[in-house]
Amino acid sequence: MATAMPAVGILRGSGLPFSKQSSRKPVPELSAYLSPNAGPRRNGALPDLVVIHYTAMPGCAEAEARLCDPAAEVSAHYLVSETGHVIGLVPEEMRAWHAGAGAWGNCTDVNSRSIGIELANGGDAPFPEPQMAALEGLLTDILHRWQIPPERVIGHSDMAPARKSDPGPRFDWKRLALNGLSVWPEPAEPGDFAADARAFGYPDLAEAALLAAFRLRFRPWASGGLSDEDRALIADLATRFPVDAVQAQA
Ligand SMILES: [Zn+2]
């Protein structure tokens, strides 16, 4: 790994020291912030979403180089290696360039409202245990410090269906949910799939695109057309985790 600088002092200005948080897992040691591909969060936005990605590159070092290359114009706040090393690339206070076009609920500038986490993974392999454990430690810390609820930990494929497929069908969303770091549906009374998908947060797209994104995350083993199982599960998510409930009531 190319970076090993200690994180001492990096977060001093944020008032949010990693070391004082009570997380269930060890807080990862951060490397120095490295990527120039970032800017201020727009309109004073604060992070209230976490977007999970995979790098789709052969190795972590290659991904780190690309995420720090000014010519690439992409970045993320963190890169987690296959061995569980957490590399800080952009300070959380800054707007990293990871999400691109897309939306979650009424949020269309996802970069300004989110923290982006890249997992070193070529896209065709399982995520190793040390990497998942490190991700859980990082997520626990982030959600606690920014007071982000678990339903606002989403995949790149959730906010950009049809355009993005990461973190992909091998990513263990249920494991995160069991640790309070994401959500997992229970069957409810089936309803209108597309309406419920949008109520949960998915962008306003055709049913086929919504179904593909939903299944990629919640039913990667499923095939065939829209079923009552799909409708039952998305109904539960829409009911328990309506994306813009606070704004809608205001
Ligand atoms: Zn991505």
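1. Helices, of at least four residues in H or I, and strands, of at least two in E, are DSSP runs numbered from the N terminus. On that basis Gln147 lies in the loop between helix 3 (129-146) and strand 7. The model discussed here is predicted, and the points below should be read accordingly.

2. Overall content and confidence. The chain has 250 residues, of which 44% are buried. Its secondary structure comes to 9 helices and 7 strands. Among contacts with a separation of 6 or more, 73% join residues 24 or more positions apart. The average pLDDT of the chain is 89, and 86% of the residues score at least 70. Residues 1-25 call for caution: pLDDT stays under 50 there, and the model has 41 contacts beyond four places in sequence for this stretch.

3. Helix 7. This helix runs over residues 207-218, which is 12 residues. From the first C-alpha to the last it reaches 16 Å, close to the 16 Å expected at 1.5 Å a residue. Which of its residues are buried? They are Leu210, Leu211, Ala213, Phe214, Leu216 and Arg217. As a general point, an α-helix has 3.6 residues a turn, so residues three or four places apart point the same way. The cover over the buried residues of helix 7 includes strand 7 (153-155), helix 4 (156-159), helix 5 (173-178), helix 6 (193-200) and helix 8 (228-240).

4. Helix 6 against helix 7. Two packed helices are described by the angle between their axes and the distance between the axes. For helix 6 and helix 7 the angle is about 60° and the axes are 10 Å apart. Helix 6 is therefore oblique to helix 7. The crossing of the two helices is left-handed. On the side of helix 6 the contact is made by Phe193, Ala194 and Ala197, and on the side of helix 7 by Glu207, Leu210, Leu211 and Phe214. Leu210, Leu211 and Phe214 are also listed among the buried residues of helix 7.

5. Helix 8. With 13 residues, helix 8 reaches 18 Å between its first and last C-alpha, close to the 18 Å expected at 1.5 Å a residue. Its buried residues are Asp230, Arg231, Leu233, Ile234, Ala235, Asp236, Leu237 and Ala238. Helix 6 and helix 7 are among the elements that cover them. Helix 8 is in turn part of what covers the buried residues of helix 7.

6. The loop between strand 1 and strand 2. Leu46 is found in this loop, between strand 1 (38-40) and strand 2 (49-54). Is Leu46 buried or exposed? Leu46 is exposed, because 12 other C-beta atoms lie within 10 Å, and a residue with 12 or fewer counts as exposed. The C-alpha atoms of Leu46 and Arg113 are separated by 5.7 Å, although the two residues are 67 residues apart along the chain. Asn43 lies in the loop between strand 1 and strand 2 as well. Asn43 is exposed, with 8 other C-beta atoms within 10 Å.

7. Backbone geometry to check. Most residues other than glycine have a negative phi, and most peptide bonds are trans. Phi of Asn43 is near 55°, a positive value. Gln147 also has a positive phi, near 55°, and this residue is exposed, with 9 other C-beta atoms within 10 Å. Where the chain passes from Asp166 to Pro167, the peptide bond is cis, with omega near 10°. Pro167 is found in the loop between helix 4 and helix 5.

Technical notes. Residues numbered from 1 in each chain as written. Predicted model: local features only at pLDDT ≥ 70, side-chain atom pairs only at ≥ 80, totals over all residues. Expected span 1.5 Å × (residues − 1). Buried ≥ 20, exposed ≤ 12 C-beta atoms within 10 Å, placed from the backbone. Contact = placed C-beta atoms within 7 Å. pLDDT = per-residue confidence, 0-100. Axes fitted to C-alpha atoms, helices over the stretch in contact; angles between N-to-C directions. Parallel < 35°, antiparallel > 145°, perpendicular 65-115°, else oblique. Left-handed = near helix turned anticlockwise from the far one by under 90°.
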